[in-house]
Number of protein chains: 2
Amino acid sequence: MSSLTLDAEALYRELLAGMRPLMTRYARPPLLVGVASGGVWLAQRLQADLGLSGQPGVLSSSMHRDDFSQRGLASGGTTQLPFDVNAADLIVVDDVLYTGRTIRAVLNELFDYGRPASVKLVVLVDRGGRELPVQPDLAVARVSLPASQSLELARDDAGQFSFKVQDK
Amino acid sequence: MSSLTLDAEALYRELLAGMRPLMTRYARPPLLVGVASGGVWLAQRLQADLGLSGQPGVLSSSMHRDDFSQRGLASGGTTQLPFDVNAADLIVVDDVLYTGRTIRAVLNELFDYGRPASVKLVVLVDRGGRELPVQPDLAVARVSLPASQSLELARDDAGQFSFKVQDK
């Protein structure tokens, strides 16, 4: 099996390029919300590079995950939404889309705060393996990985992105 | 504007034809679950035409809808799941996919009963207008309708399907 090499910085530039036409589809600028932790880093950089004012929201999937009993609150930080989600157009940003269970969880987390007008999903990498009928509106790369491996975004001290592939 | 004519019986035959290859992707037969009311009629007929034993499940979206405060329990019947959803492979069947809010609601309803291994979504008609990142695994027709009109499946006394288009 050949090893997987994903250039996270190159993919980020493609994501940014893909976001620009997406943003023009809105009458008013949508609000970015990152899924902790990789999605938050992406949302923060997109917020700056797209020239949006304010800070993106942060979504934690911890409280609504269907494996909460196994994982507890170990992963995923705390939800922080510095705006009213009611009637808002939101774009949820995540690093890797896999089964769709995290997205179900963060949608429920969002709806705990209000009823958005719309929620789109953009991800850096779609690794397939969907277990729920969730699809991104934008995914820059599609890769296939064995279920035994995890894939997530990492960020170094200089703010540069890379991908971390690990055996579970 | 030309009027919309959808031959529901012809679309049902296409749905059935599309279901056969989908079914072969599973190691064991998946369980069908219809969304009340049109999706239940479809699931019942698919259950028979695909030669599956037992009865399909019935999902009501009433309890989890994000407009529950406006609609109350007026629509959608009662959830009845004649099997254990834990670790099950499920196929949710609905007549029309629109904003995705009903699907979010019925997924939450399902997860109240347990943690399925997988959930796929098949629909007769995708009318676009998505407000959440939900996508069907199979949709037989894609149509565009003004937001002022509702579209839903009807069934006559002989069990024949038709589509009902109404001004809201």
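Two residues are in contact if their C-beta atoms, placed from the backbone, lie within 7 Å. The exercises below use this term. The model is predicted: local features need pLDDT of at least 70, side-chain atom pairs count only at pLDDT 80 or more, and totals for chains, interfaces and linings use all residues. Residues are numbered from 1 along each chain as its sequence is written, and chains are lettered from A and ligands numbered from 1 in the order in which they are written.

**Exercise 1. Confidence**

Task: State the average pLDDT of chain A and the ipTM and pTM of the model.

Solution. 
- Step 1. pLDDT is the predictor's confidence in each residue, from 0 to 100.
- Step 2. The average for chain A is 92, and 92% of the residues score at least 70.
- Step 3. The scores of the model are ipTM 0.92 and pTM 0.92.
- Step 4. Where pLDDT is low, the predicted coordinates should not be read in detail.

**Exercise 2. The core around Val92(A)**

Task: Find which residues have the most contacts inside the largest nonpolar core, then list the contacts of Val92(A), leaving aside its neighbours within four places in sequence.

Solution. 
- Step 1. A residue is buried if 20 or more other C-beta atoms lie within 10 Å of its own, exposed if 12 or fewer, and partly exposed in between, with C-beta atoms placed from the backbone.
- Step 2. A nonpolar core is a set of buried Ala, Val, Leu, Ile, Met, Phe, Trp, Tyr and Cys residues joined through C-beta atoms within 7 Å.
- Step 3. The largest such core has 81 residues, and those with the most contacts inside it are Val92(A), Val93(A), Val92(B) and Val93(B).
- Step 4. Once neighbours within four places in sequence are left aside, Val92(A) touches Val33(A), Val35(A), Leu59(A), Val106(A), Val119(A) and Leu121(A).
- Step 5. In soluble globular proteins, nonpolar side chains tend to be buried together.

**Exercise 3. A charged residue in a strand**

Task: Decide whether Asp94(A) is buried or exposed, and find its contacts beyond four places in sequence.

Solution. 
- Step 1. Helices (H or I, at least four residues) and strands (E, at least two) are DSSP runs, numbered from the N terminus. Asp94(A) belongs to strand E3 (residues 89–97) of chain A.
- Step 2. Asp94(A) counts as buried because it has 28 C-beta neighbours inside 10 Å.
- Step 3. Its contacts, neighbours within four places in sequence left aside, are Val35(A), Gly38(A), Gly39(A) and Val123(A).
- Step 4. For Asp94(A) and Gly39(A), the separation is 55 residues in sequence and 3.8 Å in space, C-alpha to C-alpha.

**Exercise 4. Two copies and their contact**

Task: Describe how chain A is superposed on chain B and what makes up the side of chain A that touches chain B.

Solution. 
- Step 1. Copies are superposed by least squares on the C-alpha atoms of residues with pLDDT of at least 70 in both.
- Step 2. Chain A is superposed on chain B by a rotation of 180° with 0.0 Å of shift along its axis (RMSD 0.0 Å). The two copies are therefore related as by a two-fold rotation axis.
- Step 3. In chain A, the C-alpha nearest the axis belongs to Val134(A), at 2.4 Å.
- Step 4. The same surface serves both copies, as 100% of the contact residues of chain A recur in chain B.
- Step 5. The contact takes 19 residues from chain A and 19 residues from chain B. On the side of chain A, helix H4 (101–113) and strand E4 (118–126) each supply at least two residues, and the largest share, five residues, comes from H4(A).
- Step 6. Ala, Val, Leu, Ile, Met, Phe, Trp, Tyr, Cys and Pro count as nonpolar, Asp, Glu, Lys and Arg as charged, and the others, Gly among them, as polar. By these classes, the side of chain A that touches chain B has 10 nonpolar, three polar and six charged residues.
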